[in-house]
Amino acid sequence: PPGMPSGMPPGMPGMSGGMPGQVASPPAPTVGALPPPVGKAPSMPPKTKTDWEEHTSPDGTKYYFNKKSKQSTWTKPFELKTAEEKACGDTWRICFKEGRKYYYNNKTKQSVWTIPEEIVMRAKEIKAKEEQEARNVAARAIQPTFKLSEEEKEKIRQESLKERIANEIEKKEKKQKEIEVKAPKASKVNIKKA
């Protein structure tokens with residue numbers, strides 16, 4: 001669009017009123033600390049309908065744009081966060097240094113390479129709650145969205161009862177025919193007296 005610097009995506013934070021202040025990364029854990037776990041990909045948030053989109057600025061920094069409100073922010077919106085990110089709350093922050101993930105406690109100012117147990121437990125609770133909510137939504141989606149009158153319900157009950165009776169009669173008739181095939185009826189025998 002006219003007036004926008006080349007290479008800058010639309011809606012990038014700071015477009016009106018300048019770039020927001022850069023927040024310094026918290027210190028990474030000390031060199032002697034354990035490295036982060038290897039081989040486990042971060043959990044993805046459940047697919048939810050949201051107006052937020054993730055973008056990357058020319059310098060590689062992620063930012064988020066709301067299609068509806070046309071606002072953008074450097075802070076990841078809550079509905080896009082993973083269960084682990086939500087579990088961090090205000091106490092913990094997930095950070096990266098040279099591609100390595102670590103956890104920074106905002107209150108104690110401590111950094112650790114391994115995920116704190118309190119985050120693990122809270123993330124499990126959050127994930128279970130989100131999965132239950134998704135199941136509830138799915139269950140509601142398959143239920144009819146209309147109500148039957150008592151007359152319509154009674155008609156359905158009667159039709160169902162008629163079907164069951166007809167099926168029972170059909171079964172009995174079929175069973176009777178099977179019996180007749182297995183044991184044919186005896187015919188009268190004419191005995192002549194001499």
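Guide: Two strands pair if DSSP finds at least two bridges between them. Helices (H or I, at least four residues) and strands (E, at least two) are DSSP runs, numbered from the N terminus.

Visitor: Fine. What sort of model is this?

Guide: A predicted one, where local features need pLDDT of at least 70 and side-chain atom pairs count only at pLDDT 80 or more, while totals for chains, interfaces and linings use all residues. Residues are numbered from 1 along each chain as its sequence is written, and side-chain values use heavy atoms, with hydrogens and water left out.

Visitor: How many helices and strands in the protein chain?

Guide: There are 3 helices and 6 strands. Starting at the N terminus, the order is β-β-β-α-β-β-β-α-α.

Visitor: How many bridges join β1 to β2?

Guide: 5 bridges, with the strands running antiparallel. β2 (residues 62–66) also pairs with β3, over 2 bridges.

Visitor: What about the turn between β1 and β2?

Guide: That hairpin has 5 residues between the strands, and G60 takes a positive phi near 95 degrees there.

Visitor: And the other sheet, what order does it have?

Guide: β4-β5-β6, an open sheet of 3 strands with antiparallel pairing. Its edge strands are β4 (92–97) and β6 (111–112), each pairing on one side only. Between β4 and β5 (residues 100–105) there are 6 bridges, and F96 has K101 in β5 as its bridge partner.

Visitor: Which residue forms a salt bridge with K101?

Guide: E84, at 2.7 Å from N to O. The pair links distant parts of the chain, K101 being in strand β5 and E84 in helix α1, 17 residues apart. A salt bridge here is a side-chain nitrogen of Lys or Arg within 4 Å of a carboxyl oxygen of Asp or Glu.

Visitor: Is K101 buried or exposed?

Guide: K101 is buried, with a relative accessible area of 19%, and E84 is buried too, at 11%. Buried is under 20%, exposed is over 50%, and partly exposed is in between (1.4 Å probe, protein chains only).

Visitor: Which residue does K86 bridge to?

Guide: E130, the closest N and O atoms being 2.4 Å apart. K86 is in helix α1 and E130 in helix α2, 44 residues apart. Both K86 and E130 are buried.

Visitor: What about E54 and K62?

Guide: Their side chains also meet in a salt bridge, at 3.4 Å from N to O. E54 is partly exposed at 40% relative accessibility, and K62 is partly exposed at 44%. The whole structure has 7 salt bridges.

Visitor: Which residues make up the largest nonpolar core?

Guide: A83, A87, C88, W92, Y103, I119 and A123, 7 residues in all. A nonpolar core is a set of buried Ala, Val, Leu, Ile, Met, Phe, Trp, Tyr and Cys residues joined through side-chain atoms within 4.5 Å.

Visitor: What does A123 touch?

Guide: A83, E84 and A87, leaving out residues up to four places away in sequence. Contact means heavy atoms within 4.5 Å.

Visitor: How much of the protein chain counts as buried?

Guide: 19% of its 194 residues.
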